[in-house]
Amino acid sequence: MVVLGVAAAVVVGGLVVAGGAVLDAFGDSRTAEIGDCLEAAEETDGTGHTGRRARRAADGPREPHVVGCDDDAAVHVILDERPADADPSSCLEVAGATAAVTSNEPRPRTLCVGPVGADPALSVNTVVPGDCVVVDGDSARRAACGAPGASRVLGVLEDGSAVPDVFSGVVAACVDAGYDDAESLYIWSIDDETSSRLSFDRGLCLAG
């Protein structure tokens with residue numbers, strides 16, 4: 001079994017393969033700082049269902065604003081920052097980050113953000129072989145290896161690997177990387193407006 005993990009889910013060919021999103025610079029008069037929270041846009045999946053997500057730069061001129069973290073509109077919290085020219089996937093190294101945000105104030109930079117209220121300590125962004133995680137639907141969290149439902153991380157796949165064609169039986173992507181005992185694969189990405197949702201930034205080969 002292969003489980004696809006995402007930060008902001010999008011269905012492509014029946015597969016849930018997406019991540020966070022890149023936001024445009026802020027329209028708020030106050031400079032965004034680490035620890036600040038952001039509002040997010042409304043989206044529709046074409047069936048009348050709407051949900052809140054990070055706004056892409058390509059969505060239009062209206063930009064997200066800094067809001068109080070106790071505001072009902074608060075969706076993302078700024079966890080860290082990177083240089084303006086950093087690849088959005090560099091935010092994968094920040095515990096809890098699910099999206100990369102571009103900002104030009106007070107200087108050009110990339111902000112790494114995650115969901116308001118989520119505990120970065122439970123994020124799987126920084127797990128390494130030997131750690132354990134619990135996968136629940138299309139999300140996962142770090143866990144003690146003895147926890148109910150916990151799987152052991154055999155290896156980590158990176159570098160924009162292609163989403164596998166086969167998701168049952170032998171997990172080819174893990175076998176090819178030398179993790180022959182893997183029983184499942186959990187994948188996710190930090191997304192931007194130019195990236196393909198047919199690839200992923202990071203995957204966990206899991207057993208147990």
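Colleague: What makes the link of cysteine 132 and cysteine 145 right-handed or left-handed?

Modeller: The angle about the S-S bond is 100 degrees, and the link is right-handed. One caution: this is a predicted model, where local features need pLDDT of at least 70, side-chain atom pairs count only at pLDDT 80 or more, and totals for chains, interfaces and linings use all residues. Residues are numbered from 1 along each chain as its sequence is written, and side-chain values use heavy atoms, with hydrogens and water left out.

Colleague: Why is the pair of cysteine 132 and cysteine 145 called a disulfide?

Modeller: A disulfide is a pair of cysteine sulfur atoms within 2.5 Å. Here the S to S distance is 2.1 Å, so cysteine 132 and cysteine 145 form one. By this rule the count comes to four disulfides. With the bonded cysteines numbered in sequence order, the pairing is 1-2, 3-4, 5-6, 7-8.

Colleague: What does the pair of cysteine 91 and cysteine 112 tie together?

Modeller: Their sulfur atoms are 2.0 Å apart. Cysteine 91 lies in the loop between β9 (74-83) and β10, and cysteine 112 in strand β11, so the pair ties together parts that are 21 residues apart in sequence. Strands (E, at least two residues) and helices (H or I, at least four) are DSSP runs, numbered from the N terminus. At -75 degrees about the S-S bond, this link is left-handed.

Colleague: How do you know whether cysteine 91 is buried or exposed?

Modeller: Buried means under 20% relative accessible area, exposed over 50%, and partly exposed in between (1.4 Å probe, protein chains only). Cysteine 91 has 0%, so it is buried. Cysteine 112, also at 0% relative accessibility, counts as buried. Cysteine 132 has 4%, so that residue is buried by the cut-off.

Colleague: What makes β18 mostly covered?

Modeller: Six of the six residues of β18 (residues 202-207) are buried. Arg202, Leu204 and Leu206 cover one side, and Gly203, Cys205 and Ala207 the other.

Colleague: How many bridges does β18 make with β16?

Modeller: Five, in the antiparallel sense. Two strands pair if DSSP finds at least two bridges between them, so β16 and β18 qualify. Leucine 185 stands opposite cysteine 205 there. Strand β14 (residues 150-157) also pairs with β18, antiparallel over five bridges, with glycine 155 opposite cysteine 205.

Colleague: Why is the aromatic pair called tilted?

Modeller: Rings of Phe, Tyr and Trp (its six-membered ring) pair if their centres lie within 6.5 Å; planes under 30 degrees apart count as stacked, over 60 as edge-to-face and the rest as tilted. The centres of tyrosine 186 and tryptophan 188 are 5.5 Å apart and their planes at 45 degrees, so the pair is tilted. Tyrosine 186 and tryptophan 188 are buried.

Colleague: Which residues have the most contacts inside the largest nonpolar core?

Modeller: Val124, Val133 and Leu204, in a core of 15 residues. Such a core is a set of buried Ala, Val, Leu, Ile, Met, Phe, Trp, Tyr and Cys residues joined through side-chain atoms within 4.5 Å. β16 gives the largest share, three residues.
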